[in-house]
Every structure is written in C-alpha cells, then in structure tokens.
Amino acid sequence: MAEKFDVIVIGGGPGGYVAAIRAAQLGLKTACIDMHVGKDGKAAPGGTCLNVGCIPSKALLDSSKHFHHLQHEYGSHGISVKEASIDVPAMIARKDSVVQKLTGGVAQLLKGNKVDFYHGKGNLGAGRQVEVTPADGGDAVQLQADNVILAPGSVPIEIPNVSFDGEYIVDNVGALDFDSVPGTLGVIGAGVIGLELGSVWNRLGSQVILLEALPDFLVLADQDISKQAAREFKKQGLDIRLDTLVKSAEVKKKKVTVTLEDKDGESQLTFDRLLVSVGRKAYTDGLLSEDSGVRLNEHGQIEVDEQSKTTASGVWAIGDAVRGPMLAHKASEEGMAVAELIAGKPAHIHFDTVPWVVYTDPEIAWVGKTEQELKDAGVKYRTGSFPFAANGRALASDHGVGLVKMLADEDTDEILGVHIFGANASELIAECVVAMEFQGTSEDLARIVHAHPTLSEAVHEAALHLDKRAIHRGN
Ligand code: FAD
Ligand code: NAD
C-alpha cells in the first residue's frame, strides 16, 4: 500500500527543498525525495547549489580572493607579507565544512517543518504514484500524492570527443576539488562557471586559458559591461580566446592535450587540467516512467506552462529542469509559487526581474533588458551611467573599477534594465530589482536618499545621469 501525501517533491535542491518547506508551511502533508550523496556518504539535501554549485564556488572564490589580495592588493595600504602560501587541502576542507553546515541545515529545516525526507531516487508513474529506490540499497518504497513537484535539476553538458574522467578532464565537481593548484588549467567555455572557477585557480597561481566558441564575450550581459569586464579579466591574467572551437581532448602522461580550431587554423594546447563548462542540461534520467504523462520539450527539459504545470494532471516542474534561466533563486521562487498554487493561493513570478550575478572580481550583475535587446525590439530608451572611479567609497576601498549603467523608457522613464560591473554588484542590484518590480522610474531612484559614502551612490548617480544631472561626473 502506497503512503499517501498531499505533495511529493522529487529533488531536494533550492527548487525542491524550498517548495517542500513552503507546502508544509501551508499545512500540506509533504514528502521530499533527494538522491544526492554527500562527501561523508550520507544524504545531503540542497542539490547542485549547496553541494557542488553556488555555495562551494563562492567559498573558493572567497579564499582565493584573500590569497590574491594578500599578494597583490595590500601593498598600497602599507601591508606586506614576506611569503604567502596556500594550503589547498585546508581551503577545500573549509569549503566542505561550509557545504556540510548548509546541507545539514536544510535537513533540519525539512524535519522542523515536518517534511518526510526520503534519501533515494524517485520515479514518477501514472496517477502520481512515486517509487523511491533508497540510496542505501534497501527495498523500494511506494508513495502517492495529489500533487507531485518535479525538481530534478541539471547536469553538465559533455561535448563530443572530450569525455570527463573526473581527474584531468573535469566538470564543476572536479574543479571544486583539485588537491593542488594546477600549473596550467584549460577551460572550455568562457561562461559563468568558466569565469568563476577559472578566477579561483588563476588567483591561486594557475595559468588559465579559456577557450570560447562564440566570437563575443559574455553575450547574455550588456556589451558595454562585457567589454570592460573582458579588459579587466585580461589584466588579471585570464587568457580568454574567443571564436575558438575545441575538436577533441586527450589525456596522456598526466596531461591533457586539446585540439582546437581558431582563425589561424588547427592547433594544440596542453594543460595539467581541463574544465569543461559549456552549459548544463535538464537531468531527467530515471525520473519518469513511460506512463507518467509528463512530456519533455525539444531541449530535453520538462515541458511546463507559465504556472509550472506539466502535461500530466497534478504534476508540476520547476528549476533547472524547465525553461528559463538556470539560477538557484529562480528555482526557489518557482518552488514557492507552485506550493502556493497547490494550496489554492494566487502566485506569480516576474521572469523579467530575475537578477543575474557573476561572482568574478569585480562582480557583474544585471536585471532586465540589455541595450542591444532594447535596440532589437525597437524600444526608445535613455541611458545613464556612473563609473566607480568617481565614487568616494569605491576609491577608499580600492574598488574604483567598473560602472553602473541604467536604461529607462524614453517616454515613461520606467527602468528597463540595470547593469553593474563593480565591487558588491551582487548586493547593489537588489535595489534595482525592487525598483523594477514596482515599475519604478529612474527619477524614483534619483530622488531616493542614498547613504554616503556607499557604493550605492553610483546607482543613484547613474539615475541622475540618465536625466543629465549627475553631480560627480560630466553630463
Ligand atoms: P538542483 O540544485 O540541481 O537540485 C536537484 C536535486 O535533485 C539534486 O540533489 C539531484 O541529485 C536530485 N535529483 C535529481 N533527480 C532525482 C530523482 N529522480 N530522485 C531524487 N532526487 C533527484 N545559481 C545561482 O543562482 N547563483 C550562483 O552563484 C550559482 N553558482 C553556480 C555554480 C556552479 C559551479 C554551478 C554548477 C551552478 C551554479 N548555479 C548558481 C546554478 C544553481 O546551482 C542551479 O540553478 C540550482 O541549483 C537549480 O536548482 P534545482 O533545485 O532546480 O536543481
Ligand atoms: P554558460 O551558458 O554560462 O556558459 C557556457 C559557455 O560555453 C558559453 O559562453 C558558450 O558559448 C560556450 N560554449 C558552448 N559550447 C562550446 C564549445 N563546444 N566550445 C567552446 N565554448 C563553448 O554555462 P556554464 O558556465 O556551464 O554554467 C551553466 C549554468 O549554470 C549557467 O548558465 C548558469 O545558469 C548557472 N550558473 C550560474 C552562476 C551564477 O549565477 N553566478 C554560476 C555558475 C553557473
């Protein structure tokens, strides 16, 4: 006899565990199934984000930033050290303990909210029957629910003739766990993961070469920002080669030789390690029985409507496995919205105001449309910008690189996009998201009092500049 729930969530990442907690808060009898096995061999809910994504990458970005600053940034403050060294296993152990704290915290939150947690693999059959194959090899368990939320996340894409071996040719999981600093690191794909993890190892002393297939750098971002960022990253030692197609990679004598094609024809490069970060794809292996009624789209994602309903009645899907950006906060918001819809409440997500952040140094953050997108759509807009080089707080803390760029509708002044390259861009963007969510105008931001001296004054000045009345720059 199958145990009966109001809601079963398959996947315990930031989409799934948040959906489960919200459903339980709303009084629904909820189960959450997650198959991830942590480094200690135990359940580790939290998904890609907590285990091998957002959090561990930020932990290593933080460690490597301290090391880099110690060597290269503190001299002007009058601080010097004789010999700085990095203990990679200690750095990785710190990262692992952060991960363990957070995944343990999620387990506690699920328990505290009375969500029944199953450690194993969930498979959805007809009539919202779910079979759980326990991770410890025990007997399969049968569950059934009025509603099932699929949140299985994503896995890295592999490219032809470049197979992961987990040691020399790695994905994010491997690059978060190197036991020493590779002398040379090749990175296929100069996207978000390539830039973040490439930065980590570059700061620790690796010679990092990023091989990017597209002719332009960071195409999702506003091109003014991408261009400044590319210049800055080059200064930092990241060697970004655009328009470069990798044909194959081969491991021989503990080295990886990559055959590539660029404007000069075919050539080879040899690295100590190779990170492949060319995007991710929905993970649906073993998730759906033939009679589940859930359809996948042409990209292999679970097909959903705007409310996250799949093609099977009472079955919903969220996060990386469905359309839209692959971001933890997008997955979580979808999770909360679906739980509320199931509980009969209204819920809606504005995909237009989902912020993006790339955690390089300086950080890149944006919300809304890029200038190119507005041009392509024939929207009339005005633009304002402000460089951090003219912001007092930025200069006081050696953060004078980058800018804030704001785009607003020419007629209504509604903010259409904000793009930031600079220190703490990840935090500064929040104000812009709020403004856009409330359909705010650049004048609203221009009239709001911003504390002095703060980096947020650059957002204020960009809004003022849009109306040709910036104080600390020419108009
Ligand atoms: P996931 O987090 O992938 O979770 C899915 C879970 O479901 C996994 O634990 C999986 O094992 C489990 N599962 C799958 N199938 C089954 C099944 N059949 N039965 C049981 N369990 C199953 N996003 C950001 O917003 N900010 C960042 O800074 C950021 N950094 C990142 C850095 C890296 C290196 C990577 C790889 C990703 C990063 N992301 C970041 C993306 C972010 O991790 C994802 O968008 C997010 O984790 C998606 O959440 P999810 O719940 O949809 O899926
Ligand atoms: P990505 O889409 O950000 O970048 C992949 C890059 O690889 C692109 O520039 C693409 O043009 C390039 N590429 C594709 N095929 C190639 C090939 N054969 N040869 C060379 N280059 C090729 O993907 P990612 O960096 O793997 O990250 C996956 C997703 O994870 C991201 O899209 C993002 O949604 C999420 N993520 C988010 C964050 C964050 O929010 N800070 C951090 C890491 C990952």
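Predicted model: local features only at pLDDT ≥ 70, side-chain atom pairs only at ≥ 80, totals over all residues.

By class, 13 nonpolar, 4 polar and 3 charged residues make up the shell around ligand 2.

**Surroundings of ligand 2**
- Ligand 2 is surrounded by 20 residues, of which I193, E212, G279, M326 and V357 are the closest.
- At least three residues of the shell come from each of domain 2 (169-278) and domain 3 (353-466).

**Backbone contacts and cover**
- Two contacts involve oxygen atoms of ligand 2: a polar backbone atom of V192 lies 3.1 Å from one, and a backbone N or O atom of I193 lies 2.8 Å from an oxygen atom of the ligand.
- A polar backbone atom of V357 is 2.7 Å from a nitrogen atom of ligand 2.
- On its own, ligand 2 has 830 Å² of accessible area, and the protein covers 77% of that area.
- Two or more residues of the shell are given by each of α6 (192-203) and β17 (356-358), with α6 giving the most, 3 residues.

**Largest nonpolar core**
- The largest nonpolar core holds 37 residues, among which L195, W201, F233 and I364 touch the most other members.
- Elements that give two or more residues to this core include α3 (54-72), α4 (88-112), β8 (184-188) and α7 (223-235), together with α6 and β17.
- With 4 residues, α6 provides the largest share of this core, and α6 also gives the most residues to the shell around ligand 2.
- In soluble globular proteins, nonpolar side chains tend to be buried together.

Notes:
Residues numbered from 1 in each chain as written. Chains lettered and ligands numbered in written order. Heavy atoms only, no water. Near = heavy atom within 4 Å. Polar contact = N/O pair within 3.5 Å; in protein donor to acceptor, adjacent residues only side chain to side chain. Areas by Shrake-Rupley, 256 points an atom, 1.4 Å probe, with all protein chains shown as cover. Nonpolar A, V, L, I, M, F, W, Y, C, P; charged D, E, K, R; others polar. Domains from an automatic or database assignment. Core = buried A, V, L, I, M, F, W, Y, C linked by side-chain atoms within 4.5 Å. Buried < 20%, exposed > 50% of the residue type's maximum accessible area, 1.4 Å probe, protein only.
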